[in-house]
Amino acid sequence: MGSLETGIPVTRTAASRIGKQSSLSRTVMVCSRFFLFKRLDYFQWICTVLVFLVLVTFFQTFLPGSVVEKFKEDSVEDVVVIPENFRRLKEIGGFDFGEDIRIEPTKLLEKFKREGSEVHLSSSSSFNRSQHRFEYRKPQLALVFPDLLVDPQQLLMVTVAAALRELGYAIQVYSLKDGPVLNIWQSIGVPVTILQAGAEVEIVVDWLNYDGILICSLEAKDIFSSLMQEPFKSVPVIWTIHERTLAIRSREYASSGQTALMNDWKKVFNRATVVVFQNYALPMIYSAFDAGNYYVIPGSPAEAWKAKTGMKLDVDNPRVAMDFGPDFLIVVGNQFSYKGLWLEHALILQALFPLFANNSNSQAEIIVLSGELTSNYSMVIECIAFNLGYPGGVVKHVAFDGDVDGVLSMASLVIHGSFLEEPSFPEILTKAMSLGKPIIAPDLPSIRKHVDDRVNGYLFSNENITVLTQIILQIISNWKLSSEALSIALEGKETVKNMMVLDTVEGYALLLEDVVKLPSETAPPKAVKNIPPILKNEWLWNIFEAFINSTYEDRTWRSFKFLENIEKRWSHTQIEHSRSLTAVDDSFSYESWLEVKNIQIMTTKRRREEEQLKDRTDQPRGTWEYVYRTAKRIGHNKNDLHERDEGELQRTGQPLCVYEPYYGIGTWPFLHSNSLYHGIGLSTKGRRPGMGDIDAPSRLPLLNNPYYRDVLGEYGAFFAIAYRIDRLHKNAWIGFQSWRATARKASLSKIAERALLNAIETRKHGDTLYFWVRMDMDPRNNLQHDFWSFCDAINAGNCRFAFSEAFKRMYGVEQDLNSLPPMPEDGTWSVMQSWALPTRSFLEFVMFSRMFVDALDALMYDVHHQSYRCYLSFSKDKHCYSRLLELLVNVWAYHSARRMVYVNPETGVMQEYYKLKNRQGKMWVKWFSFSTLKGMDEDLAEEADSDHPKRRWLWPSTGEVVWQGVFERERNLRNKEKEKRKQRSRDKLARMRKRYHQKALGK
């Protein structure tokens, strides 16, 4: 596993470091110090040494390797921490023990630390501007479930969501299916939306509205079909997995050669920003899918849920079914396996031996629960038991990946059989306590945190194994548990009911702080310490009481059923794909052969006819110039007479065409398909098939550069359409509408469309900017601040500064001049690039925008292009100044004396803001007049065309470079061509006059 590392250190014995005599003397000294200081029982020491000497050769041959999967080599980290008594045995025997292993998400933690330090450095030293955060809205989170059926995962997430809401998060729940938990979510004030997802159903959700997405369960895989497409690839996704089913099935995929299905799942795991597991065993068994993003947040009410709901075992008599006959069963179990585990089991079995030595005719058994079904650890346990003197069949081994719940349900006593310091409370103890079984465990910090000795369990020091024998002899008498042990077991069952709630709630809160990057208008969440104590100490059992005794399908069974459906769907897709390929290949081969054959027949026939007519007809010969001119004319006619679809023909006769810029397949469900709208793809790859959408990069090559495609956003579409607009746009008016406006249900309705077209046709308002997404209704502006305050809020407090600096650079004004155009504080403004203008005014706006964007680019390119950081955002941002450009059309329209009319997108009712008579004396008309902008544009064009500057310069790449000199040069070229043609004609006539003419015969 690339993100949860396990270090298994290489063993080195004393004999490999010194000579034979030195090794012997060292061993004697070690043993003497061991006896002197550790005060181990003499009988225990003799038995341990005998067991070691007898089994060392056997273990070297048959000892199983670490059951813990060995993950990617570059992420393995070794940390050696060995208790003193086992250090002596390790130096003698050369074996590794559980204390040598540390499991930690090293890569992910390093990534969070690195990103945090980068943010700190960038905000403090990279810019000469301070950044400010505005608390205009709450952080938005989306929780996605496969269904809303009652299960412990819903209880966990309801508790976590309640805690996150206390910290200031706003939460929206999405589910692929309905269920009873819908009422629970609504009762705590969380809105719920039921989605329809599947292989052929589109998920119509704008995930960019959320700062982070929490997906629960493998069964929510269909959601990733949307999140893996642009523009949603950058949204942080935290995927919580609690099922083992895919890990089990993945072994079958690998063995059966279903690599395509495995790769499909790997893509999904790779898309998640963080994959969260509820214990440290799950990331190990899912190591085949690890993309370096695994994380563990321990804690789950699943075991307590099973005990509380009284879930039944699969068989009526598990003892008979599993071949366990005795009435008293001791389980020695642990979840992780490693090379030194056999010695720990040997010590525990040796500590239990006095119990059997005093009751030789007992019907008790010991089950060692560890390892895998495929390992040979059963032979190791049998050999240890035999050498310790246990009767045959008393000690048995059961693999941990078998029916663990069935074994524990039959146990009378459970002992944790490992001295490994696990990162969280061992799962096997959680299961045992939830079943009301007495537990005995080593006194380790992770266990001592939840278990009080002789209160809800028993603890013994791993440095003095004899304490375990004393505990066993105290609580067991005549193979019956004492009343004290039974009462302690009941207390443990009550303890596990709400165990590790604090770890879970704080784990999700702290993870969100590291993963979610909040924009500047968002209020940061409160500190974790502000979570109410009740949400730290208890799961919200009270609101689930009505459903505790309800019967629903087992989650594991549902998960297997889901995987079967995925496999069937995948197999069907593969079969259909192979059939289509075969059919295409067959038809292609036949059609190609038939076509070649017909061509050969026609060629032969034509050649025969030409040979027959060769001597009978005159062969007119033309000039190459005539051939070139004819071919060019044919090409022009072909382009003019191309077949156009019905939508294009309808758009040609309309006064208005509304363009919808988009990037990525994820936006397709939000685009219109009627004749009023025309899509324009900012990338060639993500265009809709068969819709005739405009390919923006083919019109404006600048958009082939991903950097400028991202940073310009919709302005890339503006520049692409304005470039030689007469070849594309034939309408008197032009409009734009963001796909996000459609997702927010703020796009024009049919009524509003008719109202807008009627106002345009009747020239109701003249040269006007019509807009239908208003700033005071934007979710980012809940407090309804004025124009410049809102612009500062969404740009880290630096909108005014950036606009002022760009304005100065654009016009070349003095640095001390106040260059921030005034904007009225009342009324409202256009947001989300959803507006309409006369085409001529649009070209004037593009002329202004090209120069303004060029000035912004000159100010920010060096730092932003290198690190993707700028002072308009707190974190790395590919769309650095796109939020500033979003509001630019308002500044231009207001100060260029355009009327500004709001169109209600539902009713079509229009309202004019900032009437011209009220703007007098407030507008900077001379700075935004057409003559000023045209003169500046021509100056830039002359510089680009004449001087050809070698510096990096964005302006020439954003559109046409036109000035008077271009027209003059074109006129001179046309005149030169005309003179060349006249000269050729004169030369031809001169040659004809000089040609020798033969006199007619007979004259």
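The model shown is predicted, with local features needing pLDDT of at least 70 and side-chain atom pairs counting only at pLDDT 80 or more, while totals for chains, interfaces and linings use all residues. Residues are numbered from 1 along each chain as its sequence is written, and side-chain values use heavy atoms, with hydrogens and water left out.

**View A. Packing of helix H32 on helix H37.** H32 (residues 839-867) packs against H37 (residues 930-947) at about 50°, their axes being 10 Å apart, where axes are lines fitted to C-alpha atoms over the stretch in contact and angles run from 0 to 180 degrees between N-to-C directions. The two helices are therefore oblique to each other. Contact (heavy atoms within 4.5 Å) involves Glu844, Met847, Phe848, Arg850 and Met851 of H32, together with Phe930, Leu933, Lys934, Met936, Asp937 and Leu940 of H37. By class, this contact has seven nonpolar, no polar and four charged residues, with Ala, Val, Leu, Ile, Met, Phe, Trp, Tyr, Cys and Pro counted as nonpolar, Asp, Glu, Lys and Arg as charged, and the others, Gly among them, as polar.

**View B. Packing of helix H16 on helix H19.** H16 (residues 427-434) and H19 (residues 483-496) pack at about 115°, with axes 7 Å apart, which makes H16 roughly perpendicular to H19. Thr430, Met433 and Ser434 of H16 meet Gly492, Lys493, Thr495 and Val496 of H19, and the residues of this contact divide into two nonpolar, four polar and one charged.

Definitions and conventions:
Helices (H or I, at least four residues) and strands (E, at least two) are DSSP runs, numbered from the N terminus. Angles under 35 degrees count as roughly parallel, over 145 as roughly antiparallel, 65 to 115 as roughly perpendicular and the rest as oblique.
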